[in-house]
Amino acid sequence: QVQLVESGGGLVQPGGSLRLSCAASGSIFIINAMGWYRQAPGKQRELVATIPRGGRTNYADSVKGRFTISRDNAKNTVYLQMNSLKPEDTAVYYCNADVYTGRGPSRDYWGQGTQVTVSS
């Protein structure tokens with residue numbers, strides 16, 4: 001079994017910054033892509049950013065230039081640095097990882113979510 005645990009959410013004023021972390025643990029052989037998604041009230045879950053094990057990162061247009069995704073493979077951890085936050089960034093942020101456990105094909109795992117609220 002694999003667990004993803006997010007941290008770093010909270011309340012921040014517009015223009016402020018937050019850094020989210022997501023640590024994966026459990027029966028991990030290798031983690032392929034990792035990413036962050038978010039879901040605002042009344043809206044569908046949407047992609048924020050993804051980062052493969054090697055290769056280019058990918059961002060939603062709405063966060064390009066403000067958010068930066070990174071990962072530490074030795075720690076099985078992915079980060080999301082969020083700068084110049086706007087009220088429309090308010091959402092529950094979910095971590096995602098494509099994990100190969102060594103048994104069967106790789107599969108997606110999700111964290112429990114962390115609330116980010118941008119408000120004055």
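So, Arg38 is buried, at 6% relative accessible area, where buried means under 20%, exposed over 50% and partly exposed in between, with a 1.4 Å probe and protein chains only. Keep in mind that this is a predicted model: local features need pLDDT of at least 70, side-chain atom pairs count only at pLDDT 80 or more, and totals for chains, interfaces and linings use all residues. Residues are numbered from 1 along each chain as its sequence is written, and side-chain values use heavy atoms, with hydrogens and water left out.

What do the side chains of Arg38 and Tyr93 share? A polar contact of 2.9 Å. Ser62 also has a side-chain polar contact with Arg38, at 3.4 Å. By polar contact I mean N or O atoms within 3.5 Å; within protein, one must be able to donate a hydrogen and the other to accept it, and residues adjacent in sequence count only if both atoms are side-chain atoms. Beyond four places in sequence, Arg38 is in contact with residues including Glu46, Phe67 and Asp89, contact being heavy atoms within 4.5 Å.

Okay, zooming out. Arg38 sits in strand 4; strands are DSSP runs of E, at least two residues, numbered from the N terminus. Strand 4, residues 30-39, runs antiparallel to strand 9, residues 91-100, with eight bridges; strands pair if DSSP finds at least two bridges between them. Here Trp36 faces Cys95 as its opposite number.

Strand 4 is also antiparallel to strand 5, residues 46-51, through five bridges, and Gly35 stands opposite Thr50 there. Those two strands make a hairpin with six residues between them, and Gly42 in the turn has a positive phi of about 75 degrees.

How values were computed. Helices (H or I, at least four residues) and strands (E, at least two) are DSSP runs, numbered from the N terminus.
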